[in-house]
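Colleague: I would like to learn how to read a few features of a model. Please give me the general idea and then the case here.

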Amino acid sequence: MEGLSKSRYTAFCQCPKNLWLKVFKPEEATVDAGVEARFESGNEVGDLAMGLFGDYKEAHAEKPDGGLDLAKMVEQTRQWMQDGVENICEASFTYDREHVVENVTLPPDKPWFTKWTESHYCAVDILRKNGDGWDIYEVKSTSFPEFNGNEAKLEKYAPDIAYQKWVLKKCGVKVTGTYLVCLNSDYVRQGDLDLQQLFAVIDMKELVENEYTKVSTRVRRATRLLAKEQEPEMELSEHCMKPYACAFWNYCKRQHGVSSPSVFDIYGGKGRGGFTFNKKLDCYHQGLVTFEDLRQNDIGLIQNMQIEAALTGKVFINPDGIRKFLEKLTYPLYFLDFETMQDAVPQYDGAKVYGQITFQYSLHIKESETAKYEHREFLAPSNGSDPRRPLAEQLCKDIPKNVCTLAYNKMFECGRIRELAALYPDLAPHLLNIADHIVDLIDPFRAGDYYVPAMGGSFSIKSVLPALFPDEPSLNYHNLDERCQNGGDAMTIFPRIKDMEPEEAAASREALLRYCELDTWAMVKVWEKLKEMAK
């Protein structure tokens, strides 16, 4: 019988049904658009971490068909351990457990149930020799302050490491230590990459010991679950989003008869008063599932508005509130949008782990009420050089001091500008002046001054724009070049352009420019619509 791996074991720890679906109905998973990018970041971080303790050997072997040859990797690991290799990466282990059941009568098609072997596998990211034993180092691409003892953030990694310890001990390996290796969010690159500063190593001894006592029971339950053809029943609960958002969330909602719109589609809001996932679960367990169920309950201004709009088609407009917002704006108006990439491992001096690297902006300008719109744009060269200084210089040329600038969800743009100011003190006065004069175009929507049913409880520009302009193809992001139709595309395509053929590189840069331009033109159209509604 096929046994468990690290990923299968941790899936079971989060939810038994998660594991069962992962094995028997993987097609039901909804894969987040950012998963591939995070996977690539994880590979990059894992490759770098291999050199953390000096020289190492990496267990790796492939079958003729391209799949991993686990048996050879296990043999490589065994041999290197015998040879006294200090550091073994992807150290591979298989624990085969044989089961024999006597004096039972089973159907002829299930004779294997009287005797079967479970094969449990794990690969240790870094196995490091320590005296007469071995230390386990699990590498994660998450970032963590080097001297932070926050156990709540660490607990989710303990089951993974505990399972590895269990497999190794079953294979006769003396485990002397268990550690988590992650990126140090306090590290700022200056010059060559410093692996000792880039990574934080956290002793997981106590957390892993607490989890280790549960492994045998969980392994037994998980393997029994996989031996069954019947899909397990599980209630929707906190584990659907903890410690990770489950890829089978939409499938399980359907299984429980929950269809959209439902309580789980309600606007979440921000801060302590937000309508959190746990609050939504509480409503669900009270039988408050549909919008009709929720209609008689006062759950918040925006939430009530969303429900009423969805049920009746009502449009909510507060002209006074919109006018108060518009009164904050003065000509000339500058509509600004940034595009960034986010590197797990900092590439440039002054950059931090997962720092936002701003490489592009679009700017629409309206000097007066009667003036035509002017468009300016900046896209850094695609040669791998640091894009931030040339972008900051051009931004200071394109946006004068003391002018009114509009951004959509301005915390992002303001954050990037303040980071640039910290990097370049000579530009700081001008940059900070720009940031101090930014007004947030999302404000009237978050305040409930303008809401239409098609927004669906979301105030992102990608929801507001089609809701306000449903029949204008020029404002439809899906009509852009498929290379770049959203911020995630922009974030991933820019760093890849330097490795493209010239024709593809040129097409990709053009796609980036047109996408970012639509972002600021969308802001222009939203602002015009607000002016119309304020009359």
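Colleague: How much space lies in the second largest pocket?

Modeller: First, the basis. This is a predicted model, where local features need pLDDT of at least 70, side-chain atom pairs count only at pLDDT 80 or more, and totals for chains, interfaces and linings use all residues. Residues are numbered from 1 along each chain as its sequence is written, and side-chain values use heavy atoms, with hydrogens and water left out. A pocket is an open set of points on a 1 Å grid over the protein atoms alone, where a 1.4 Å probe fits, with protein on both sides within 12 Å along at least five of seven lines. Its volume is the space filled by probe spheres set on the points, which are joined across faces, edges and corners. In the second largest pocket this comes to about 660 Å³.

Colleague: Which residues are the closest to its centre?

Modeller: Lining residues have an atom within 4 Å of a point. There are 25 here, and Tyr 408, Asn 409, Phe 412, Ile 461 and Lys 462 are the closest to the centre. By class, the lining has 11 nonpolar, seven polar and seven charged residues. Ala, Val, Leu, Ile, Met, Phe, Trp, Tyr, Cys and Pro count as nonpolar, Asp, Glu, Lys and Arg as charged, and the others, Gly among them, as polar.

Colleague: What is the order of the strands in the open sheet of five?

Modeller: Strands (E, at least two residues) and helices (H or I, at least four) are DSSP runs, numbered from the N terminus. Two strands pair if DSSP finds at least two bridges between them. The order is E10-E9-E8-E11-E12, with mixed pairing. E10 and E12 each have a single partner strand, so one side of each lacks a neighbour in the sheet. E9 and E10 run antiparallel and are joined by six bridges; His 364 has His 375 in E10 as its bridge partner.

Colleague: At what angle do H1 and H8 pack?

Modeller: Axes are lines fitted to C-alpha atoms, for helices over the stretch in contact, and angles run from 0 to 180 degrees between N-to-C directions. Here the angle is about 95°, with the axes 10 Å apart. H1 and H8 are therefore roughly perpendicular, a label for angles of 65 to 115 degrees. Their contact has eight nonpolar, no polar and four charged residues.

Colleague: Where is there a cis peptide bond?

Modeller: One joins Lys 242 and Pro 243, with omega about 5°. Pro 243 lies in the loop between H8 and H9.

Technical notes:
Angles under 35 degrees count as roughly parallel, over 145 as roughly antiparallel, 65 to 115 as roughly perpendicular and the rest as oblique.
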